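Colleague: Please take a close look at one part of this complex, the side of one chain that touches the other, and describe the setting in which that part lies.

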Amino acid sequence: MELYNGPLDAKEIFGRWLDEQAESNYGAYIPFVGTIRAEDDIEALSFDIYEPVLKAWFDAWQEKAKALGAVVKMAHSVGDVPVHTSSYVSAVFSPKRRVALELIDAFVEDFKANAPIWKYDVKNGERIYAADRSTAMNGAGLLA
Amino acid sequence: MIKVEFLGPIGKAPLEMDANTLADVASKLKEDSTLSHWLDKCAVALNDTMVNDLNTALKDGDRVSILPPVCGG
C-alpha cells in the first residue's frame, strides 16, 4: 500500500508494479485508475486518510487475494488532487484472468465502502466534506 | 481514562473520559449536542481495530476512534 501527498504518477506506479511481478508467472494484470472529474465547479478533491485502519483493511484483502493465488496492490493520494489527475490506483495480479476480474470488482467496491478515507470538494480554496457521496462503514451507528 | 478521537470531517478535538465499556462511551457522547448528527452514521475502532459490540471492555489508556462515512477513490 502506497500513500502520496497530492496526485499520483499512475504511469510510474503501474510500470513499477508490472516490473516487480515480471517473473512471478501471473497470467493476468488488471489495473484500475480513479481520475478526478471536472464537475460541480470543483478545482480539486481533497482526502484525509486514517492510515492504521486502512493498513489493517488492506492487509485483510492481501490475505483474501493470497488464498486465491493472487496479489492486490493500491496507492492513494492524501491532500488536494486537481481535476483530471489521479487520486487512486489499484491492481490485481493472478495466474488466470477470471480470478483477477472478480477480485478487482470486489476489492474496489469494498474500498469505496470501508476504506477509512474522507473526501472533500475543493471550491474557491475551501474544503467541503462530500457527505452525500459518502458511505457509512460496516458497523456504523454502534454508539447511537 | 480512555481517549476518544474524532476522525475526518467531524472536526472535534479528542476527549478523555472514564469508561468501562463502549456503552459508557456511547452514553457520554450522546450528551454532546455537536455529535448528535454524527453518531448514527459513524463506525468505531478500538486501538485501530474495528469493533461492533457495545459490551466491549475498555482499560486505562485505550483509544477509541470515531469514523464517519467514507468515500475513497
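Modeller: Chain A contains 3 helices and 7 strands, where helices (H or I, at least four residues) and strands (E, at least two) are DSSP runs numbered from the N terminus. From the N terminus on, these elements follow the order β-α-β-β-α-β-β-α-β-β. The model is predicted, so that local features need pLDDT of at least 70 and side-chain atom pairs count only at pLDDT 80 or more, whereas totals for chains, interfaces and linings use all residues. Residues are numbered from 1 along each chain as its sequence is written, and chains are lettered from A and ligands numbered from 1 in the order in which they are written.

For the complex, the predictor gives an ipTM of 0.95 and a pTM of 0.94. The C-alpha trace of chain A spans about 50 × 40 × 25 Å along its principal axes. Buried residues make up 36% of the 144 residues in chain A; a residue is buried if 20 or more other C-beta atoms, placed from the backbone, lie within 10 Å of its own, exposed if 12 or fewer, and partly exposed in between.

The contact between the chains takes 30 residues from chain A and 26 residues from chain B, two residues being in contact if their C-beta atoms, placed from the backbone, lie within 7 Å. On the side of chain A that touches chain B, helix 2 (51-67), strand 5 (86-94), helix 3 (97-114) and strand 6 (117-123) each supply at least two residues. By class, that side has 18 nonpolar, 8 polar and 4 charged residues; Ala, Val, Leu, Ile, Met, Phe, Trp, Tyr, Cys and Pro count as nonpolar, Asp, Glu, Lys and Arg as charged, and the others, Gly among them, as polar.

Strand 2 (residues 28-35) of chain A runs antiparallel to strand 5 and is joined to it by 8 bridges; two strands pair if DSSP finds at least two bridges between them. Within this pair, A:A28 has A:S94 as its bridge partner. Strand 4 (residues 71-82) of chain A is also antiparallel to strand 5, through 6 bridges, and here A:V72 is partnered with A:V92. Strands 4 and 5 of chain A form a hairpin with 3 residues between them, and A:H84 in the turn has a positive phi of about 70°.

The 5 strands of chain B form an open sheet of mixed pairing in the order 2-1-5-3-4. Strand 2 (15-17) and strand 4 (49-51) are the edge strands of chain B, each pairing on one side only. Strand 1 (residues 2-6) of chain B runs antiparallel to strand 2, with 3 bridges between them; in this pair, B:V4 is the bridge partner of B:L15.
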